[in-house]
Amino acid sequence: QISVVIDEFLSCGQVVSHHVDSTHANWVHVKFETVLGAQRALTRDGTVLERIGVMVGVRKYKASKPPRR
């Protein structure tokens, strides 16, 4: 099912990386090459992926720790 979700987000822009969060079931962190790709993905919030019968929720990532330098 993750591959279907990633395929959906590829239509928004180039995906640089994705990570399945093992501590929170049903969460995938997706990083886009551009801000525009990320903005397009945010518009998919609430979209139902008919092929697998799943609704996706999309949120902007908020880091809980400051980035490493």
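## Exercises on the pocket and an aromatic pair

The lining of the largest pocket divides into 18 nonpolar, eight polar and four charged residues, where Ala, Val, Leu, Ile, Met, Phe, Trp, Tyr, Cys and Pro count as nonpolar, Asp, Glu, Lys and Arg as charged, and the others, Gly among them, as polar. The model is predicted, with local features needing pLDDT of at least 70 and side-chain atom pairs pLDDT 80 or more, whereas totals for chains, interfaces and linings use all residues. Residues are numbered from 1 along each chain as its sequence is written, and side-chain values use heavy atoms, leaving out hydrogens and water.

**Exercise 1.** Classify the ring pair of Phe9 and Phe32 by its geometry.

*Solution.* Rings of Phe, Tyr and Trp (its six-membered ring) pair if their centres lie within 6.5 Å, and planes under 30 degrees apart count as stacked, over 60 as edge-to-face and the rest as tilted. The centres of the Phe9 and Phe32 rings are 6.4 Å apart and their planes stand at 75°, so the pair is edge-to-face. Phe9 belongs to helix H1 and Phe32 to strand E2 (residues 28-32), 23 residues apart; helices (H or I, at least four residues) and strands (E, at least two) are DSSP runs, numbered from the N terminus.

**Exercise 2.** Decide whether Phe9 is buried or exposed, and do likewise for Phe32.

*Solution.* Buried means under 20% relative accessible area, exposed over 50% and partly exposed in between, with a 1.4 Å probe and protein chains only. Phe9 has 8% relative accessibility and therefore counts as buried. Phe32, at 12%, likewise counts as buried.
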